[in-house]
Amino acid sequence: MSKQTALEECVRASLTRYFEDLDGSAPHDMWDMVMHCVERPVLEVAMERAGGNQSRASEMLGITRNTLRKKLLAHNLQP
């Protein structure tokens, strides 16, 4: 199993549990919820792997340094 497939399976399993927990209630703002939940740990890991260097982390993520800074602030990850 590839790393991408493993990640996709984790997301799929989490979403399955999410729907089970809803117990028939309608989901709301699923896209924003998932993106917010996924984005934070991605930012944290990238910053850890880059040793706190925003330029290296932004390269890893494929986003600009300014975009990274905005996302870090939005998730309260800015020191």
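Let me start with a question: at what angle do helix α3 and helix α4 pack, and how far apart are their axes? Hold that thought for a moment, and please keep in mind that what we're looking at is a predicted model.

Okay, the answer. Helix α3 covers residues 54–61 and helix α4 covers residues 65–74, and the two pack at an angle of about 100°, with their axes 9 Å apart. In case you wonder about those two numbers, an angle between axes and a distance between axes are how two packed helices get described. Angles from 65 to 115 degrees count as roughly perpendicular, and therefore α3 and α4 are roughly perpendicular to each other.

Who meets whom there? On the α3 side we have Gln54, Ser55, Ala57, Ser58 and Leu61, and they meet Arg65, Leu68, Arg69 and Leu72 on the α4 side. Sort the residues of that contact by class and you get four nonpolar, three polar and two charged.

Let's zoom in on one of them, Ser58, which is in helix α3. Is Ser58 buried or exposed? Its relative accessibility is 5%, and buried means under 20%, so Ser58 counts as buried. If we skip the neighbours within four places in sequence, Ser58 is in contact with Ile63, Thr64, Arg65 and Leu68. Arg65 and Leu68, by the way, are also among the α4 residues in that list for the helix pair.

Now look at Glu59, which is in helix α3 too. Glu59 has a relative accessible area of 66%, so it is exposed. Pro27 is 32 residues from Glu59 in sequence, and in space the C-alpha atoms are 34 Å apart.

So, zooming out. What does the whole chain look like in terms of secondary structure? It has four helices and zero strands, and from the N terminus the order reads α-α-α-α. Its radius of gyration is 15 Å, well over the 12 Å that the globule rule gives for 79 residues, so the chain is more spread out than a compact globule. Along the principal axes, the C-alpha atoms fill a box of roughly 45 × 30 × 15 Å.

A few more numbers on the chain. Of its 79 residues, 16% count as buried. The exposed surface comes to about 6300 Å², with carbon and sulfur atoms supplying 54% of it. And if you take the contacts between residues at least 6 apart in sequence, 28% of them join residues at least 24 apart.

Next stop, the loop between α1 and α2, which is where you'll find Pro27. Pro27 has a relative accessible area of 38%, and it counts as partly exposed. Setting aside residues up to four places away in sequence, Pro27 touches Tyr18, Phe19 and Leu22.

Asp23 is in the loop between α1 and α2 as well. Here's some background: most residues other than glycine have a negative phi. Asp23 isn't a glycine, and yet its phi is positive, about 50°. With a relative accessibility of 68%, Asp23 counts as exposed.

Where else does a positive phi turn up? Asn76 has one of about 55°, and it is not a glycine either. You'll find Asn76 in the segment after α4, and with a relative accessible area of 69% it is exposed.

Last, helix α2, which spans residues 30–49 and includes Pro41. Pro41 is partly exposed, at 37% relative accessible area. From the C-alpha of Pro41 to that of Ser55 the separation is 18 Å, and the two are 14 residues apart along the chain. Cys37 is also in helix α2. Is Cys37 buried or exposed? The cut-off for exposed is over 50%, and Cys37 is at 52%, so it counts as exposed. Cys37 and Thr16 are 21 residues apart in sequence, with 15 Å between their C-alpha atoms.

Definitions and conventions
Residues numbered from 1 in each chain as written. Predicted model: local features only at pLDDT ≥ 70, side-chain atom pairs only at ≥ 80, totals over all residues. Heavy atoms only, no water. Buried < 20%, exposed > 50% of the residue type's maximum accessible area, 1.4 Å probe, protein only. Axes fitted to C-alpha atoms, helices over the stretch in contact; angles between N-to-C directions. Parallel < 35°, antiparallel > 145°, perpendicular 65-115°, else oblique. Contact = heavy atoms within 4.5 Å. Nonpolar A, V, L, I, M, F, W, Y, C, P; charged D, E, K, R; others polar. Rg over C-alpha atoms; globule rule 2.2 N^0.38 Å. Areas by Shrake-Rupley, 256 points an atom, 1.4 Å probe, with all protein chains shown as cover.
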